[in-house]
Every structure is written in structure tokens, then in C-alpha cells.
Amino acid sequence: MAFIYRYHIKNTKKRNEVNLLDFSEDIIGAIKSFYEENLKDCRVEKDYYEYKLYSNMGNRELRMFGRYLIRRCEGLNAIWEEIRQENTAFFVRKESEYYAFVYRDETEKNISLGVIDATDFNELERLSDQAVNYIKKYHSKFDLYPKHSDNELDINKLSIAFYMDIFDLYINEKNIREKYKSIRDAKLVLIKGYHQRDKRYTSVFVAPDVYRLRAPDGTVMRYDDNLIDGFRIKSIKIVNEEKLNTIIDAINYYIIPASSINNIHREDKKGINFVVHNVGQGLSTALTIDNEPFLYFDFGVSEGKNRFNLPKVMTVDVNRKPSIVISHIHRDHWFGICEFPKAFECDWYIPNQDREVLFIKRCAEIRISGGSISIISSSIQLSFGCVFVNEYSKHNRKRIPTHKHENGLAMRLKLYSSENKEVNILVSGDQRYDYMPDKYLKGIDILVASHHGGEYSWSCRGNVHDDIPDSTRLGKIIYSYGKDNTYEHPSKDCSYHKKGWTNEHRTPIHGDYCLK
């Protein structure tokens with residue numbers, strides 16, 4: 001993401017008289033020379049100028065740039081000399097508007113907002129032109145077009161999705177109840193406010209844009225649920241669904257369906273190892289040969305308010321560009337891409353689910369980095385197992401899935417232990433067992449617990465432990481979660497005990513799990 005700085009002349013009379021476009025060359029030249037590598041993009045309009053920076057600037061640095069701009073531009077300096085006796089500042093920060101997509105976590109105690117610039121999305125034609133021009137700068141470095149055919153992609157939508165800036169705001173339960181209760185059931189809201197540099201505020205997530213992936217700055221700090229992410233909110237109001245659809249349509253480019261998964265054919269099934277990585281409050285599993293992964297099923301790490309339990313060292317490896325399948329579109333199952341940027345160059349396979357705005361941007365970055373995105377909407381057979389799609393609930397065949405934990409992907413494997421014994425493995429991501437076909441739930445030797453050991457069935461909110469597969473005599477269960485996580489996972493381990501899963505491996509205690 002980039003931080004947006006938008007300025008106009010403080011003196012209202014002069015603001016109405018002066019056309020900043022007359023000074024655009026000097027303004028843009030000053031911005032580029034002052035901010036250099038920290039600058040993403042900049043532009044000048046009649047009544048304001050703006051620039052976008054990868055790092056948030058403090059007030060001291062912003063004032064330094066203001067003085068630098070006036071010194072460099074003789075025309076602006078002359079205007080300032082006219083009004084400086086009556087004004088304390090020449091340019092001031094322009095209050096901005098942002099559209100924010102409203103998302104709720106599984107506990108319903110927090111609301112997260114996926115925030116984008118309203119000025120951009122109120123001027124879609126200009127935004128499209130700006131985005132395309134921005135990407136043209138990197139044609140020599142990135143393959144902009146899809147690998148499969150040259151007519152499957154709306155290049156304007158891909159460009160906008162790649163170019164747009166997104167940041168997260170988290171609003172805790174107290175603020176929802178006292179200040180923002182009107183947005184609890186909203187899908188899109190309009191926020192007035194601006195980013196600010198304040199030591200009391202922490203940045204939840206700052207990811208590098210794709211062309212900076214070779215040297216990401218890793219700027220991620222601990223979440224504090226008493227604060228809103230370095231952003232001063234002045235007002236919030238609900239936006240109608242028509243505007244929501246307009247924005248989604250502007251960025252929702254076509255993703256091809258998958259009939260197979262690249263890079264998975266292996267003649268020697270007995271040489272394949274299965275690994276569950278210790279990634280904190282998330283899930284990342286791999287299939288490897290000679291310690292080199294060729295397929296990941298889920299690629300998550302701790303993020304957001306659970307960032308604090310991210311392990312300092314992780315053994316995830318994507319240097320040889322393995323294929324990556326994700327069970328469902330929740331961040332703790334794909335956010336590893338922000339920790340291991342080489343994953344942007346991999347082939348990704350996702351379920352046919354609604355995509356939140358940040359994930360849409362990440363997919364665009366994958367495409368432009370040389371990777372690919374495909375949708376798995378029907379089961380895919382592997383030489384050593386199957387990636388399958390959830391179907392209907394055994395408790396109510398007519399019930400339509402209402403949650404991403406019900407209509408995603410799971411994986412069933414048949415591998416071999418170091419003693420050359422056949423081992424049946426089920427990796428369900430967060431998918432609920434009552435939505436899985438019975439044939440995939442029988443004879444399981446190794447079970448990666450659904451939802452980090454949390455809710456595992458739609459019916460009765462997980463109290464129906466019969467939905468859990470039976471353990472075989474030597475069965476082992478693996479709980480992948482982060483220590484002291486905010487969801488209290490694993491919360492249903494007693495239900496697993498009732499089905500015989502007492503031989504446990506817990507990633508925050510035991511580290512990575514390896515079959516061999």
C-alpha cells in the first residue's frame with residue numbers, strides 16, 4: 001500500500017484564484033527529487049496536488065518538503081510572498097474521503113475495514129488511465145499478460161486492481177458499540193479523515209507493492225485493539241449498494257477455471273513428504289521431495305491482531321515456485337505471500353468464493369509478477385490423492401453455504417511413511433466436516449484439524465462431534481495455531497479426543513510436523 005498525501009492552498013481566496021496546473025512541472029519535479037525511492041506516484045489537479053508514499057511521513061518531514069517546494073518553484077514562492085503576512089501556512093493537508101469495505105471477524109467482536117481512496121474511484125476513467133500508465137513503467141520487468149490466452153483478461157480492471165492502494169482499519173467492540181454501531185450491518189461506508197504520524201498509533205499491515213518485492217521493507221508492527229491504524233476518522237456514513245457494485249465491477253477481472261494443477265505429477269509417490277509448517281495463527285502445509293516443496297495447500301501466517309505470535313523463523317520455501325492451493329479466502333490461509341514475496345511468481349489455485357478487495361489486489365500483483373491465478377470449482381485428482389470441493393451439509397442437504405468455511409477446498413492424500421507404510425491424510429483448512437463427502441472422511445491416519453482446532457461443523461456450532469472423522473489405531477492429529485491467539489484455538493480439542501485423536505502435534509509447542 002501507499003500513503004496518500006493531498007494538499008491545497010490554505011488561503012481560500014488564493015485557492016480559488018490559483019490554478020496549480022500552471023505549476024505542475026515544478027511541483028512534480030520537486031516531489032520526485034525530494035522523495036525519490038519512497039515515491040509511488042504523484043499528480044497535480046487545478047486545486048490540489050497529491051503524492052503517494054510507501055512510508056508514512058512525520059510532520060517534520062512534511063514541513064521540510066513544503067519549504068523545499070516553495071524554494072524550488074519561483075511562481076509559488078511569489079504567491080506565498082503575497083499572503084505570508086496574513087497566513088501561517090501556504091499549503092495544508094486536504095481532508096480526504098475513503099471508501100471502506102466492512103468485514104467482521106469470526107468472533108464478531110471486531111470490524112475490519114478495507115479502505116481505498118474515494119477520489120480515485122469517483123473518477124474511474126482518470127484512474128484507469130493513471131493505472132495503465134503506471135504499469136507501463138514496469139513492462140520490461142513484468143509480464144503483464146496472462147499465460148493461458150490473450151483475451152481472458154480485462155487489462156483496465158487488472159491495472160486498477162494492481163494500482164489501487166488499500167489499508168486496513170480495525171475497530172474494536174467498544175468503538176463499534178459507542179461510536180460506529182450504525183455500520184455493523186453495512187457492506188460499504190464512506191470515511192472522511194487522513195493518515196497521520198503519531199507514536200500512539202501502530203501500523204497493522206504495510207505490504208510492499210509488487211515491483212518492490214525484491215527488497216520488501218517488512219514494515220509490520222504489533223496490533224493494538226485500542227487504536228485505529230494511524231488514521232484519524234472524522235466521520236463515517238453508509239454507502240448504497242449501487243456504489244459498492246460499481247467499485248467491485250471496476251476491479252473484478254476474470255480468473256480462469258482450473259482443470260488441473262501445475263507441477264504436481266510425481267512418479268515416485270513413496271518419495272513424497274508431507275509437512276505442516278509452524279506459521280503462528282494460520283495454516284501452511286507442503287508436499288516435498290528431497291526437502292523441496294512442489295505443492296502447498298494453504299499458505300497462511302499470523303496477521304492482523306495475531307501478528308504478535310508469528311514465529312521468528314519459518315521453514316516455508318517458495319524459491320522453486322511450487323504450486324499453491326488455498327482452502328478458502330481468509331487471510332490466515334494465504335497471507336504468507338506477504339512474508340515470502342517469491343510466492344507472487346507462483347501458480348495459485350483458489351476456490352470459487354467472493355474475494356475481498358485486498359485479495360483482489362494481491363491476485364493482480366501475482367498476475368503482473370509472472371504468476372497465475374486459477375479457480376478450482378470441481379474436484380481435481382492427483383496421482384497421490386485429491387483436492388476436492390465441499391458439497392452439501394449432511395445435516396441439511398438443502399442448506400446453501402453461508403460462510404467461506406463451508407464452500408471451499410480440502411485435500412485428501414495417500415502417501416507413505418519412512419517405514420514404507422501407507423498413510424492417509426486429510427487437510428481441511430477451515431472447511432467444516434459436515435460439508436465433506438463421506439468417502440474422504442474414512443480411514444484417516446493423519447488429520448490436520450479443521451479451523452485450527454476450532455468450529456468444525458455448521459450444525460449445533462460444532463457440538464456434534466460425530467462429524468469429526470474417526471481416528472485409526474495409530475492416528476495423529478495436528479493443530480496449527482499461534483500461541484495465545486485471540487480466537488482461543490484450539491477450542492474443540494475435547495471433541496477430537498472423543499473420536500480417538502489423542503496423539504497430538506501442536507505447532508507452537510512442537511514446531512513443524514514432518515511425515516518422514
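Q: Which residue forms a salt bridge with Glu339, with the closest N and O atoms 2.3 Å apart?
A: This is a predicted model, where local features need pLDDT of at least 70, side-chain atom pairs count only at pLDDT 80 or more, and totals for chains, interfaces and linings use all residues. Residues are numbered from 1 along each chain as its sequence is written, and side-chain values use heavy atoms, leaving out hydrogens and water. A salt bridge needs a side-chain nitrogen of Lys or Arg within 4 Å of a carboxyl oxygen of Asp or Glu. For Glu339, that partner is Arg307.

Q: How many residues apart are Glu339 and Arg307?
A: Strands are DSSP runs (E, at least two residues), numbered from the N terminus. Glu339 lies in the loop between strands E14 (323-325) and E15 (347-351), while Arg307 is in the loop between E13 (292-299) and E14. The pair links distant parts of the chain, and the separation is 32 residues.

Q: Is Arg307 buried or exposed?
A: Buried means under 20% relative accessible area, exposed over 50%, and partly exposed in between (1.4 Å probe, protein chains only). Glu339 has 27%, so Glu339 is partly exposed. Arg307 has 13%, so Arg307 counts as buried.

Q: What is the relative accessible area of Glu406?
A: Glu406 forms a salt bridge with Arg399, their closest N and O atoms being 3.0 Å apart. Arg399 is buried at 16%. Glu406 is buried too, with a value of 1%.

Q: Which residue pairs with Arg43 in a salt bridge?
A: Arg43 is buried, with a relative accessible area of 7%. The closest N and O atoms are 2.4 Å apart, and the partner is Glu45.

How values were computed
Helices (H or I, at least four residues) and strands (E, at least two) are DSSP runs, numbered from the N terminus.
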